[in-house]
Each structure stands twice: as structure tokens, then as C-alpha cells.
Amino acid sequence: MKKALAGVFASLPLFAQTWTPQTSNTTASLRAVGVVSAKAAWASGTKGTYLITDDAGETWKAATVPGAADMDFRALHAFDARTAILMSIGAGEKSRIYKTKDGGAKWDVVYTNPDPRGFFDAIAFWDATHGILLGDPVNGHFVIMTTADGGDTWHREKTPAAMPDEGAFAASNSSLFVIGSHDVWFGTGGPKGARVFRSDDGGKKWSVSSTPIRNDSSSAGIFSIAFMNPLFGIAAGGDYAKPAEASHNIAITTDGGRKWTAPQSGPAGFRSAIAYLPDRKMWIATGTSGSDVSTDQGKTWKQFDKGDYNAMSFLLSYAGFAVGPKGAIARFGVE
């Protein structure tokens, strides 16, 4: 009977994955997106731009944060349909954190980077109050900041030393990943980079591991990292200056990030974002040269789209979006 059932399931067609383009009502380059429900999501990007939908992307409201028209919002965290944090990137005070509690009617600057050498990269939250921020090295150490009040105030943590010329990429707000109530990882790039830092106490103590992802230039390394559970995770990247090159662009861990190995095959090019969809038991990777899917825990990958996207976010497979250059935005679906 088991063999007969196996034969039946093996003959069933696999679901086909699609990105369905939507109208964003902006030409800004979009770098971050956050899904909060089956209907509501936020996105952000250049020129101080943020977007909101409350109808699953059928319509997007695009607006500019007052006084922030020159800000590049590379990261966001959406708590719900009315509350969200935007993080801008850039040297020194260009790296800022903005927060709204009324759907964008009013924005407050809750934190401005005080270090002229600092540069923010990503932000993530375990829950509605506890979050963490990643920044490029200052004085030889990555900048890690944590909050315990929903992002209203931030506290600097200690990290191990960075390698010379090692940094993080502010490409998709996914070089930093959290799970549970205190586990966190971030990936690095640049010469001597492509390493993963991990902490199991909310960012107070850290250890670091190397990966097989390429780190042969300042534009290469880990751009995105995601975990299915505290042990199994996948890091993705490559070289953004060579988007079609597929060599050494992915790594898998089965022990929480202590050891990383390369799978049998990888995505079809540079990938700046990766995510796990638990309801479909599949992994999705996307980047400027296309998107790929894996249904065997990252061992093999199949390209399903050649669109140009920077970042993505999922609630589950029925609520997921990708964003990219020139206002590109698309909703994920399976057929």
C-alpha cells in the first residue's frame, strides 16, 4: 500500500510558482517589504518612499516621509497595518530609524546614527517589543543595537572583531535574521567575508563561522540568511556586480550555523533574498537575475522567474511579495 501511494503522489504535478506584477504607483527603487496579514503589507525604498496596501496588493498607496525625500529606506519592520519602522542607510546621520503608529500620517525620527563612520544595514524583531539592528563595522567591530520597547530606544551591544574589509550588505533587509525569542544570525561580505555571526542570547554574545559562499571581491558575499528552525538555515548571495554568475552563491547549515556546506546545485545567479514557506515546505530565492525554488531543503534549485527583484517577504505562500528597481512589485502565487 505504501509503495502504491508513493507512486500516486509521485505522479501528481508539482505546484508552479509565479510572481504576478502589480502597480506600485512609484518609480522608486524598492529594497524592503514586510507582510503583516493576508491583506496588509508595507514596502520602502529610495527618495524617502514607503508603500502600504490593505487589499493584498490590488492597490498600493505610495507616499514620501515628510522631510526625508533624500533618504534611502533599505529596511523596514511592519508590526501591523498602522505601525511600522523604516530604516534609512548611508554614512553617519543618513542612517536613521523612523516610526509611525498611525499608518504613515505622522513619522517620528526615533534614532539617528551618531557615528560619522557608521552605516546601518538591516533590522529585525523577535516580537512587538524586542528587536535588533545591524550596522557595518566601526572601530573594527560590527555595530549591533537592540531595543526592548518597540524601537523607541536602542542600546549598543558588543560583537567579535570584523575582518579587514568585511561588511554587511544593505540590499534586502535580510542579511540579518531572527527566530524564536533570542536566536539571531547575520551574514557578511567583502574580501575575507562570507561569514555568519550567530547569537543565542539576543545579541549579547556572538560566535562566527565561515561559509563556502564566494568572497572574492567587495561586491561578493552573503546577502541574505533565513532559518526554518533554530538548526536548519540557508544563506544566499554571490556577486551583485555579476548577477548572472551562479557559482558559490548558497550554503546550508543543519546545526544552527556552526558549520556550512554547499548543496548539489544552487540558484541560477546572484540572489539577494531567501525565504522559507512552511505551508509549502519550499524555499524561494530571488535577485536581480531571477527567482528560484527548492522543494528538497535547498539541495537543488529550479528557476521559475527571470524578473529583477531585490527583496521579498512572506506571511505564508498565500501572502508574499517581492520588490525591486523602478517601483517593481509582485505578488507570489502557486498554480
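Predicted model: local features only at pLDDT ≥ 70, side-chain atom pairs only at ≥ 80, totals over all residues.

Q: Which residues lie nearest the centre of the largest pocket?
A: H77, F177, V178, S313 and F314 do, out of 32 lining residues. Several strands each supply at least two residues of the lining, among them β6 (72-78), β14 (176-179) and β25 (311-316).

Q: How do the residues of that lining divide into nonpolar, polar and charged?
A: There are 25 nonpolar, 7 polar and no charged residues.

Q: Why is S210 called exposed?
A: Exposed means over 50% relative accessible area. S210 has 55% relative accessibility, so S210 counts as exposed. S210 sits in strand β17 (residues 207-210). Beyond its sequence neighbours up to four places away, S210 touches A194, R195 and W260.

Q: How many aromatic pairs does a search of the whole structure find?
A: The search finds 28.

Q: What makes the pair of W19 and F304 tilted?
A: The angle between the planes is 35°. Stacked needs under 30 degrees and edge-to-face over 60, so this pair counts as tilted. W19 is in strand β1 and F304 in strand β24, 285 residues apart.

Q: How do you know that W19 is buried?
A: Buried means under 20%. W19 has 6% relative accessibility, so W19 counts as buried.

Q: Why is the pair of F186 and F197 called stacked?
A: The planes are at 5°, under the 30 degrees cut-off, so the pair is stacked. The ring centres are 4.6 Å apart. F186 is in strand β15 and F197 in strand β16.

Conventions
Residues numbered from 1 in each chain as written. Heavy atoms only, no water. Helix = DSSP H or I, 4+ residues; strand = E, 2+ residues; numbered from the N terminus. Buried < 20%, exposed > 50% of the residue type's maximum accessible area, 1.4 Å probe, protein only. Contact = heavy atoms within 4.5 Å. 1 Å grid on protein atoms, 1.4 Å probe; cavity = no way out; pocket = protein on both sides within 12 Å on 5 of 7 lines; lining within 4 Å. Nonpolar A, V, L, I, M, F, W, Y, C, P; charged D, E, K, R; others polar. Phe/Tyr/Trp six-rings, centres within 6.5 Å; stacked < 30°, edge-to-face > 60°.
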